[in-house]
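Good morning. I will take a few minutes to walk through one model, starting with how it is divided.

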Amino acid sequence: MGDAAHAHAHGEHDAGHCTIWLDGERRRAPIGASVAAALALHGWRGTRTSVSGEPRSALCGMGICFECRVAIDGVPLRRACLVTVREGMEVSTHHA
Amino acid sequence: MRELACDLLVVGAGPAGIAAACAAAERGKKVLVLDENPGAGGQIWRAGTHAPPRAAEPWLARFRASGAELRSGCAVVEGDAARQTLWAQDAEGLLRTRAESIVLATGARELFLPFPGWTLPGVLGAGGLQALAKSGWPVRGKKIGVAGSGPLLLAVAAWLVEHGAHVAFVAEQAPLGRLARFAASLAFQPRKLAQLAALRWKLRGVPQLFSSWPVRANGRAHIDSVELATDGEPQGFLVDALAVGFGLVPETALAEQLGCALDASGAVAVDAEQRTNVERIYAAGEPTGIGGVENALLQGELAGASAAGDARAAHTFARRAARARRFGRALERAFALREELREMPDDDTIVCRCEDVRWDAARELDSARETKLQTRCGMGPCQGRVCQPALHFLKGGRADRRRPPLLPLTLGELAELAADRTTLEHETSR
C-alpha cells in the first residue's frame, strides 16, 4: 500500500497518474501501469475465485495463465496483466 | 471484417520479431507486426511504468525508424497457412491479416510445476513477477523468494534487488557442480562470464541455494511462508511473495496450428534460413528452441532477410545463429530438471488451475491427452498453456495440442470468424 499512498500524496493534479474504478472504488494508478499492477498496488490480493472456491491472482504476468482475468468496462475475460490503465476505466473482479 | 494486407506479417514484437521486422522493412518490404502486449519489446524488453533496458534502446529505435507497422494489444486467434492469413483480436474485435510471408516470433512461456500451495496468490512466475513489476506491480520493500531453475532466476533476483525488494533466497534446483562446469565452459566467452559476474555481484548477501526447490507454500488467502528442500534438508522462509519458474517452454501453438512440424525437443523445426516445413512460413527465436536474446536477434534478422529474398545477408547471419544455438543447448543441459521434482505435487495439489483438477485424479492416467479427456485438465480458459507442459514433465509423452481458436472468443466472434473463413475460401477459389 506504500506505493498507493505515495501516489495519493502527489494529489489530483499529478500528470503521472490517472483515475480508475476498482470494484466500484475510486483509485489513482500510475500511467503505464497494467490493470493487474493497479489492483495489487491498492491491496487487491486476489483477482478471481477458482471453480472450487480458492482465491487466485496473477501467476504468469504475460497473458498465458488467465488467473488475472477481470471484467474491464463491462467486457469479461480481459487479462489484467496485458491491459494498461486508462482514465475512467472500470475494473470488476466479481464477473470474471 | 477489417482486413490488413502486407508483404511480411510478423507475430510477436520481442527481440526476434523486432529484428525480423527491421531486416525485412529495411529491404523495402511492407511489414506488419502483431503483438498482444501493450508495447514493443516482448517480455525481456518490456517497458510499462519502467524504461526499457539499455540494451533494447538501439533495437527499439531501429524498429521505429524501419517503417514496420506495429499493432499492439492484438492477439492472433487462428490461421490459414494455405491462404497466408491470420485472424487476430484487438480492442475493437476481430481483424483479418494477409501477407506473402509470415515470421512466427511468438517467444516462450515459463514452465510452472505444481507443488503444494503454488496456487496461492503471491506465488508468481519468476519472469512473471518481473513482467508485472515492470508494469507497476509493487516490489519495493517486499520480501521475495526466487526459486526454480535457469539463468532467468539470477537475472530476476538481481532486477528485484535493484528495484528495492529484499530477496530472501535464490533456490536453484540444479546441483552446484554441474553449474560450475557450465560456468567454466564459458571461459572463451568473456561477455557471458562478465554478465554472470555482474549478476553475482548484485546478489552479494543474498543466499544462493543449489539442489534446492520449493516443497510447500503456506498461507491462507496469500502466501506468507515457503518451505524449501536444499540437498534434502528442510528450510523455512517468511516471504511476501515467491517467484518461481522452472525454465522456458517454446510457444509453438500458432506454428502447430499452421501445420509447422516440431523437432524431437518440441520446438519448431527450421532450416538454416529459419524456414519451417510450411511454405513461406518462418520461425525465429524461442519457438525454435530456447536460446536467449542474442540467439533471437540473430534468428530474427536471418528470417527477415531471407523472407525478403536476401539470401546473401541470410547466409552471414546463419553462421552466427548456429553458434548461438549451441550455447542454448549447453544451457539446457546445465539446467536440466532433476527427477525429484516429479515428486513435488501431493494428492491434494492442483495441477490444472483453470478446472481445479488435483494430482490424485490425474496421477494414474497414462498421457496428457488421456488426462484431459478424463479430468478436464487443460480445458479451461488457458487451454492447457500452464498444465500441459507440467503434465508432460510429470508423466512424459507429448503435450496435447491446442486447438483453434488460440484464445477464448465470444460466440458472436466465433460465428464472425467462421463466416469470414467461408468468405475467404470463396474469394481465393475464384
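First, a definition: domain bounds here come from an automatic or database domain assignment. On that basis, chain B is divided into domain 1 (2-108 + 249-332), domain 2 (114-245) and domain 3 (339-395). The centres of domain 1 and domain 2 of chain B, taken over C-alpha atoms, are separated by 29 Å. Eight residues from domain 1 of chain B and eight from domain 2 of chain B make the contact, where two residues are in contact if their C-beta atoms, placed from the backbone, lie within 7 Å.

Before going on, some housekeeping. This is a predicted model, in which local features need pLDDT of at least 70 and side-chain atom pairs count only at pLDDT 80 or more, while totals for chains, interfaces and linings use all residues. Residues are numbered from 1 along each chain as its sequence is written, and chains are lettered from A and ligands numbered from 1 in the order in which they are written.

Next, the two chains. How many residues of chain A are in contact with chain B? There are 35, and they meet 34 residues of chain B. On the chain A side, the elements giving two or more residues are α1 (2-9), α2 (35-41) and β4 (55-56). Helices (H or I, at least four residues) and strands (E, at least two) are DSSP runs, numbered from the N terminus. α2(A) gives the most, with five residues. By class, the chain A side has 19 nonpolar, ten polar and six charged residues. Ala, Val, Leu, Ile, Met, Phe, Trp, Tyr, Cys and Pro count as nonpolar, Asp, Glu, Lys and Arg as charged, and the others, Gly among them, as polar.

Now the interior. A residue is buried if 20 or more other C-beta atoms lie within 10 Å of its own, exposed if 12 or fewer, and partly exposed in between, with C-beta atoms placed from the backbone. A nonpolar core is a set of buried Ala, Val, Leu, Ile, Met, Phe, Trp, Tyr and Cys residues joined through C-beta atoms within 7 Å. The largest one here has 92 residues, and A:A36 and B:V146 touch the most other members. Helix α4 (residues 151-162) of chain B supplies the largest share of this core, eight residues. Leaving aside neighbours within four places in sequence, the contacts of B:V146 include B:A126, B:L153 and B:V156. In general, nonpolar side chains tend to be buried together in soluble globular proteins.

Last, a few backbone details. Most residues other than glycine have a negative phi, and most peptide bonds are trans. Where is the cis peptide bond? It joins B:P404 and B:P405, with omega about -5 degrees. B:P405 sits in the loop between α12 (387-395) and α13 (411-429) of chain B. B:D356 is not a glycine, yet has a positive phi of about 50 degrees. Is B:D356 buried, exposed or partly exposed? B:D356 is partly exposed, because 19 other C-beta atoms lie within 10 Å. B:Q383 also has a positive phi, near 55 degrees, and lies in the loop between α11 (368-375) and α12 of chain B. B:Q383 counts as buried because it has 21 C-beta neighbours inside 10 Å. B:E340, by contrast, is exposed, with 12 other C-beta atoms within 10 Å.
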